[in-house]
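Subject: Structure handover

Hello,

Here is the structure you were going to take over. My notes on the contact between the chains follow it.

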2 protein chains.
Amino acid sequence: MNVAIIGGGSIGLLFTYYFTKKVENTVLYVRREDQAELLNRSGLKLYREGTLREVKVKTKVLQEEEKIKADLVVIAVKQYDLAELAETVKTRISEQAQLLFVQNGMGHVSIMKTLPQDHIYVGVVDHGALKIAEHKVEHSGEGTVKLAAFRGDSDAAAPIFDQLAESRFPIEVQEDWYQLLAEKLLVNAVINPLTALYHVENGRLLTNDYFHQNMKNLFDEAFHVLCLEDKEKSWNNVKDVCNQTARNRSSMLRDIETGRQTEIDAISGYLLERADRKACSVPLTKFVYNGIIGLTVNPG
Amino acid sequence: MNVAIIGGGSIGLLFTYYFTKKVENTVLYVRREDQAELLNRSGLKLYREGTLREVKVKTKVLQEEEKIKADLVVIAVKQYDLAELAETVKTRISEQAQLLFVQNGMGHVSIMKTLPQDHIYVGVVDHGALKIAEHKVEHSGEGTVKLAAFRGDSDAAAPIFDQLAESRFPIEVQEDWYQLLAEKLLVNAVINPLTALYHVENGRLLTNDYFHQNMKNLFDEAFHVLCLEDKEKSWNNVKDVCNQTARNRSSMLRDIETGRQTEIDAISGYLLERADRKACSVPLTKFVYNGIIGLTVNPG
């Protein structure tokens, strides 16, 4: 089996480390030449529980013209880079290849619909991963990769992903892709913007009564828009994630603090579009959306 | 005429400076003995346009038992200290004395109703004033003191306040106390919490389109709750204040940054109570209220 991973961020590096250990023919595609060179020269380093591990990796620069030959392609770029990548997926990846998208939010749904491939999976990554250099990733929290077929058959996924999983990097196949993404979106739509606005670790949304009230009210809006079924279960899931990641600074908080682009469009922005189509009112979602975008744009 | 000013914060010091210059029998009452001693020993210093000015002031400690003998008493403590002060006003100030309350928000309305005095005014202070030491205040922006009778007759105010006003410290008497406070409350309910949440100067609410949208939506809620008449005029007033104070950091932002108590209860908290009585929904007001309180309390 040949595996390709597109994206040299924390999640792309994490997949590359674990998949390379299981399948020798794993190739990582990155955007920048300097990152590719560094990885090819120095290998990929992973910190876990204070220990440094290393694998040799094959890294290529994405912009080259050649076809991406792989049976499975993991697409691990950020939501906001996906539109640009769509052309590459259409023209340089075989229609028989299986694709796995691991973005946050739901922004990729409309893009996936335009692709020619017959087997497309979406994945949700619960791992904590922090990119500490262009060739170094810290595996800071062990979790699970959950995936489901967006197009094609979930049953086809099992034999492939069974080969790639290991105890430190388990993979779980679920039935309902919408349920899978929506539950993750709910978590992100609540925890990310609030921690970024208040500059607090995730756990403060549980321990501070006032933040907690805001979290619940924002959750209620998002839950309603997403048309999920079991409200109590979803709310418990949000609180569980908050609790399990209590000492973490969310990715959106880190993006705001370092002046990087956030994923707010794929998260709250998706909810706003969906609310608009359903003609339902989501004042708090709009408020946090504007707040996060406002914090990342220049005045004027 | 005898004048008393209660409160040794920036606004109390500002009134004391200008009133002492016009009326020799002006006494400032402060809470802490060290501040009273310093003021009596060193005088009150005021910076304006880079120049230092000084007046001798009579300062007393508020906690002493004696009556506060004055024809006019300006009450310039923070909203959240007012409940404690009410007993002093009832028992130690003559019923014939005229009272002027210069708090932000509307929290003082319910307290003023319980007082025995026949002449009570409310004032809105547009001046920029920054306390830089216990005996030093910077008059950073010149404005107006607008006041209106809350109890008694507005006409009675003119002869008193004409004696106290000067070109750098003009006083304007208006007819409708509710209109006066409500317009100021609108400004505070919008500018203060948003600048404190986003950590920006007032002007950013005009120049950043996303913050501006949130400001407008928050304004709409507050305007509706306050039952004012001319929405366009009120909105223009909020924008004018934002523009005139574009380079200022709001008092609430400074309170949040230095970990002090804010006036959110008298501002957004008042709107929440009023919305509750009118059974109208104010999700954004509740959201910013929770956010600001959350930022000033300990977790747990």
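Buried area here is the accessible area, taken with a 1.4 Å probe, that two parts lose on being put together, summed over both. Note that this is a predicted model. By that definition, chain B and chain A bury about 2300 Å² between them, and 65% of it is on carbon and sulfur atoms. Of the area that chain B buries against chain A, 28% is supplied by B:Y210, B:F287 and B:N290, more than by any other three residues.

In residue terms, 24 residues of chain B are in contact with 24 residues of chain A. The elements of chain B that give two or more residues to this side are α6 (177-198), α7 (204-207), α8 (209-226) and α12 (283-296). The largest share comes from α12(B), with 10 residues. By type, the residues on the side of chain B that touches chain A are 13 nonpolar, eight polar and three charged.

Polar contacts between chain B and chain A come to 10 residue pairs, with both residues at pLDDT 80 or more.

As for symmetry, chain B superposes on chain A by a rotation of 180° with 0.1 Å of shift along its axis, at an RMSD of 0.0 Å. That is the relation of a two-fold axis. The copies meet through the same surface, because 100% of the interface residues of chain B are also interface residues in chain A.

Regards

Notes
Residues numbered from 1 in each chain as written. Chains lettered and ligands numbered in written order. Predicted model: local features only at pLDDT ≥ 70, side-chain atom pairs only at ≥ 80, totals over all residues. Heavy atoms only, no water. Contact = heavy atoms within 4.5 Å. Polar contact = N/O pair within 3.5 Å; in protein donor to acceptor, adjacent residues only side chain to side chain. Helix = DSSP H or I, 4+ residues; strand = E, 2+ residues; numbered from the N terminus. Nonpolar A, V, L, I, M, F, W, Y, C, P; charged D, E, K, R; others polar. Least-squares fit on C-alpha atoms with pLDDT ≥ 70 in both.
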